[in-house]
Amino acid sequence: MPTPTAAESPLLDLLTGFIVELRNAGLPVSLTENLDAMEAVQHIPLEDRVALKYALAATLVKNNSHWKAFEIVFDVYFSLRGEEYVLDSELTDDPFEDDEDEDGANRGQGGEGNEGQGGSNKGMTPEELAEMLYNALMNGDASMMRSMARESVRRYAGMEPGRPVGGTYYLYRTLRNLDLDGVLEKLMQQQQDESEEDLSQFEQRLQRDEYKDRIDALKKEIEAEIRRRLVADRGVEAMAKTLRKPLPEDVDFMHASREEMANLRKAIYPLTRKLAVRLARKRRRGRKGPLDFRHTIRTSLSYGGVPAEPKFKNPRPKKPEIMVVADISGSVAAFARFTLHLVYALSSQFTQVRSFVFIDGLDEVTEYFEQTDDITEAIHRVNSEADVVWVDGHSDYGHALEVFWNNYGKDVGPKTSVLILGDARNNYHAPNSWIIKDLSERARNVFWLNPEPKSYWDTGDSIISEYSQHCDGIFEVRNLRQLESFADNLA
Amino acid sequence: MDHRFESVGDVRDKLSSVDYLADDAIAGIVHLADRLEKPILIEGPAGTGKTQLAKSVAEMSGARLIRLQCYEGLDEAKALYEWNYKKQLLRIQADRSGESDWSELEDDIFSDEFLLTRPLLEAIRADDPVVLLIDEVDRVEIETEALLLEILSEYQVSIPELGTVTAKQIPLVFLTSNNTRELSEALKRRCLYLHLDYPDMDREKEIVLTRVPGITEHLANQVARVVRSIRQLELKKHPSVSETIDWARTLVLLGIDQIDAETATETVNILLKYRTDIEKAVKDMNANADSYSG
Ligand SMILES: Nc1ncnc2c1ncn2[C@@H]1O[C@H](COP(=O)(O)OP(=O)(O)OP(=O)(O)O)[C@@H](O)[C@H]1O
Ligand SMILES: [Mg+2]
């Protein structure tokens, strides 16, 4: 293995900072992986930023849900490095006027568009800029698009050194001036005009997706350019800190944005599988079942009666029976959305899942999830058809539990795991906690998952301890990481 | 030690000479695996070319592919080695007359002759160049992963009766996973990691062109575009690369060179497996295009 030479050590310094920031962002980078990354970069030509990125990713990112976080940190740390990865010392108010494309625009298809680089864009009128941008999108000319993105940011973002404004604001200002929605329509129109026959709906759809792809790529270039300028102005560490976001597994269910929610949904499948496997686990300790006597004897005949090859019965893994009982009242509305996805994921993988939802009344919703492959439809039915309101639609755990016990208690048996999801905010109604006690005695186990931060438990109208004293476990579950650790602890 | 590949570009070229279209991430990690002598763990949706990558790397470097297919219940005896105790038993019986003493006999029956080599040991003992593929490693129980750790970091296998067998040459090792469960930290630490997702449109088009004989550039382009649009829908299961290829082959067989909504509707069942997904896609393909704006 080559050892680092003096010329490379600035890169190693930079890498050290980079890895520190990855850890700050929550990525679990071990010492081994750190060393692997240091070694990896020595096999990569220094000027090849793309290769550098994938070498670092291969050694440092071992979970796809961390990719986004990695990419942001990488951009912040390496977007300013030119061929030698050194900061241009002439960075003033207009830093990137004519720096080179360090990751080589020549990797794109079109070799044209070079006239768009360098300082020659400055003299253009806004109309000329708009036209060049339009043509770049029309032809899918990647390097031209990049160059136009830079110019647009320079003109329209209105970035000033030292201003404490975030990238979103500059992005908004730039995009407002470009009117990309209008551009898309214009592109579609031109496509239509130029074709001999009418474009079918289907063709239009495909073409629109193509243009949207290009426009997305352009937006990414614009964001990247804004980020570069911000990094140049504020410095790497400060920028990295500003851009830090929770990893998907740390996103709070209660405050997830739409996009975060979509990511959560994807992450949930492997997790439910694990959950169900764990719940089923105790029954299949040891890989082999009991000795199969007859089979052993039969086999022994071929060894002259010596039972040389003991035969075992196959262990018969039992399907876990799971009952999920979920609060879907207003106080946990955001959590409930997530809960329903959890229930859906569980029931699509295991037949033996029954689900119930409650507010002050309770209803079984198992069949809503069974009758459709479409989660949106199932959730819609839960929200419109399930009979969960008894009096006023404010949580009443006591009453909801009573309904559960009276109607479904008989179905709970020694093979049943019961998962209760809710914040135990009971609006000062009667708790009926004896039900949980009886339930625990009858069921294999009863677990309570609470989406509230622990520090809020038992404050106000929360009576979580009253219930949880009878459970086999109570867990704070506000994010995927906690849900996962719940699953892990079931082992 | 000599390196197998000059550069990332070299990997890409060699892969494409065996009809595997790599992007920067794929070519980069294969190059790195050779340099760092580390296994590659590939995760990703079904049919994105995880298994094929190992096969193609073997092919392009003229190495023998040794494959360990994982399944629930896989154990040491099937993965590493096993003593051929039927043969051992016969050997003992043949010796009933008691000519040799027990310790001699023991040495004898725990020798190479009685060892059944399984894929992992086979890869370690190989004299010729090999690529080891440990396919669908997420199917084994997490406890079984421990079997792999020694091989993946030391390239050796300890056999109590024989001692440690060390690799004569470091093989390239690939592990694949469909991500049905989290793999252990210990395993991941030892590997380079690649998430292999669906290819972008241009690469998918190239894949179709290389893998589907007789297809025109025009049709390949259309296929890739339609598949891209379908993958944007929220579906239970998105079309994989292999399904794209199957679809393209079908279109060629049917003599189609222009995909319209009707052909797409009639053949979409090759791309999608679930009824609800098919319905969704059909509805989408026949919808009014204006509803997609914005
Ligand atoms: N980059 C590529 N270049 C050429 N062909 C490819 C590529 N990726 C995928 N394919 C094609 O797709 C087929 C399916 O790939 P493969 O069997 O390797 O998928 P996989 O990821 O292992 O799927 P699974 O998770 O179901 O095992 C291959 O046989 C090959 O024809
Ligand atoms: Mg495979």
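**View 1. The open sheet of chain A has six strands, in the order S3-S2-S1-S4-S5-S6, and its pairing is mixed.** Strands here are DSSP runs of E with at least two residues, helices are runs of H or I with at least four residues, and both are numbered from the N terminus; two strands pair if DSSP finds at least two bridges between them. This is a predicted model, in which local features need pLDDT of at least 70 and side-chain atom pairs count only at pLDDT 80 or more, while totals for chains, interfaces and linings use all residues. Residues are numbered from 1 along each chain as its sequence is written, chains are lettered from A and ligands numbered from 1 in the order in which they are written, and side-chain values use heavy atoms, with hydrogens and water left out. At the edges of the sheet are strand S3 (362-364) and strand S6 (473-476) of chain A, each of which pairs on one side only.

**View 2. Strand S1 (residues 321-327) and strand S2 (residues 353-358) of chain A run parallel and are joined by six bridges.** Asp327(A) stands opposite Phe358(A) in S2(A). Helix H16 (residues 397-408) of chain A packs on the sheet, where it touches S1, S2, S3 and strand S5 (445-450) of chain A.

**View 3. Tyr77(A) belongs to the largest nonpolar core, which has 60 residues.** Such a core is a set of buried Ala, Val, Leu, Ile, Met, Phe, Trp, Tyr and Cys residues joined through side-chain atoms within 4.5 Å, and buried means under 20% relative accessible area, exposed over 50% and partly exposed in between (1.4 Å probe, protein chains only). Phe18(A), Leu56(A), Leu60(A), Tyr77(A) and Phe78(A) touch the most other members. Leaving aside neighbours within four places in sequence, Tyr77(A) is in contact (heavy atoms within 4.5 Å) with residues including Leu14(A), Phe18(A) and Val236(A).

**View 4. Domain 1 and domain 3 of chain B meet with twelve residues of domain 1 in contact with eight of domain 3.** The domain bounds come from an automatic or database domain assignment. Between them the two domains bury about 710 Å², 52% of it on carbon and sulfur atoms; buried area is the accessible area (1.4 Å probe) that two parts lose on being put together, summed over both.

**View 5. Glu204(B) lies in helix H10 (residues 201-211) of chain B.** Glu204(B) counts as buried because its relative accessibility is 1%. Not counting residues up to four places away in sequence, Glu204(B) touches Pro199(B), Ala224(B), Val227(B), Arg231(B), Val241(B) and Thr244(B).

Technical notes: Axes are lines fitted to C-alpha atoms, for helices over the stretch in contact, and angles run from 0 to 180 degrees between N-to-C directions.
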